[in-house]
Amino acid sequence: MLISLYQMQPVSGDAAANLAKIAQAAEAASDMGAELLVAPELAVSGYGLTPERFAEIAEGRDGEIVGALCDIAAEFQLAICAGFPERDGEAVYNSAVVARPDGTCEFYRKGHLYGDGERACFVPGADVPQVFDLFGIRTGMLICYDVEFPEYVRTLALAGAELVLVPTALPTGDISRRVADMVVPTRAFENGIFLVYADLCGEEGTFSYSGRSAVIGPDGDELARAGTREALLVAEMDLAAYDDCRRQNPYLTDRRTGLYRLG
């Protein structure tokens with residue numbers, strides 16, 4: 001399976017412009033043979049908005065944003081994962097969708113909100129992340145800060161995930177760089193999974209994004225890595241190529257849960 005990642009400079013508060021950028025990336029990825037395109041956290045709206053602006057842009061799962069992503073997926077015959085502000089009644093969530101070419105979708109709401117800014121804008125998701133089928137690959141979604149919690153990624157791995165998609169909006173800074181360069185590869189390695197970490201880039205108002213998006217293999221090695229500017233990455237995902245890696249590091253089967261304090 002050929003997968004692609006779009007490291008994206010958002011147009012702040014302009015869903016139509018951002019959807020056009022995603023469509024352009026989808027066309028290029030499709031031309032290269034990719035079956036999946038992963039865009040960043042809140043790629044459709046931009047991340048650096050006020051609570052009021054997020055509330056204005058937010059739509060339900062049957063709204064125009066998801067409909068447009070489904071149309072792009074159908075036009076270019078690849079699945080698209082992208083972040084968007086989701087409305088459910090009065091609540092607004094930091095969400096991601098996987099839109100398949102056949103019009104079916106999977107959704108996820110960010111479980112771990114980062115900082116007072118996110119908590120002022122969104123309600124945290126309350127559902128355990130789920131594994132779903134994507135072109136025969138057992139796949140799950142997390143969003144940004146979620147991947148920094150080992151238990152959360154392990155939850156998907158224990159449920160059978162082979163691929164985890166992580167739209168993100170990682171800020172600039174030394175600590176942030178360690179997340180992209182150290183934590184994310186470790187999560188892939190310790191769970192024996194492929195991990196796609198798709199960041200925003202550039203600046204948006206007072207926000208500055210790290211970039212450093214990556215596709216990581218189950219052995220923790222980089223299959224593709226972006227710099228700090230807009231980029232479209234493409235990488236081959238071959239499950240069977242990592243069978244020996246999983247045999248050498250059977251972390252999931254060798255766990256002794258009776259030794260762990262959880263809570």
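## A helix across the sheet

Helices here are DSSP runs of H or I with at least four residues, strands are E runs of at least two, and both are numbered from the N terminus. Angles run from 0 to 180 degrees between N-to-C directions, with axes fitted to C-alpha atoms, for helices over the stretch in contact; contact itself means heavy atoms within 4.5 Å.

A word on the source: this is a predicted model, where local features need pLDDT of at least 70 and side-chain atom pairs count only at pLDDT 80 or more, while totals for chains, interfaces and linings use all residues. Residues are numbered from 1 along each chain as its sequence is written, and side-chain values use heavy atoms, with hydrogens and water left out.

Two strands count as paired if DSSP finds at least two bridges between them.

Strand E8 (residues 163-168) is mostly covered, with six of its six residues buried, meaning under 20% relative accessible area with a 1.4 Å probe, protein chains only. Leu163, Leu165 and Pro167 are buried on one side, and Val164, Val166 and Thr168 are buried on the other.

E8 runs parallel to strand E7 (residues 137-141), with three bridges between them; Met141 has Leu165 as its bridge partner. Getting from E7 to E8, the chain goes through helix H5 (residues 150-158) in a right-handed β-α-β crossover. Right-handed here means that, with the strands pointing away from the viewer, the path from the first strand over the helix to the second runs clockwise. E8 and E9 also run parallel, joined by six bridges, and Val166 stands opposite Tyr197. The chain then passes from E8 through H6 to E9, in another right-handed β-α-β crossover.

## How H5 meets H6

H5 and H6 pack at about 40° with their axes 10 Å apart. That angle makes H5 oblique to H6, since under 35 degrees counts as roughly parallel, over 145 as roughly antiparallel, 65 to 115 as roughly perpendicular and the rest as oblique. On the H5 side, Pro150, Val153, Arg154 and Ala157 meet Arg187, Glu190 and Asn191 of H6.

Technical notes
Buried < 20%, exposed > 50% of the residue type's maximum accessible area, 1.4 Å probe, protein only.
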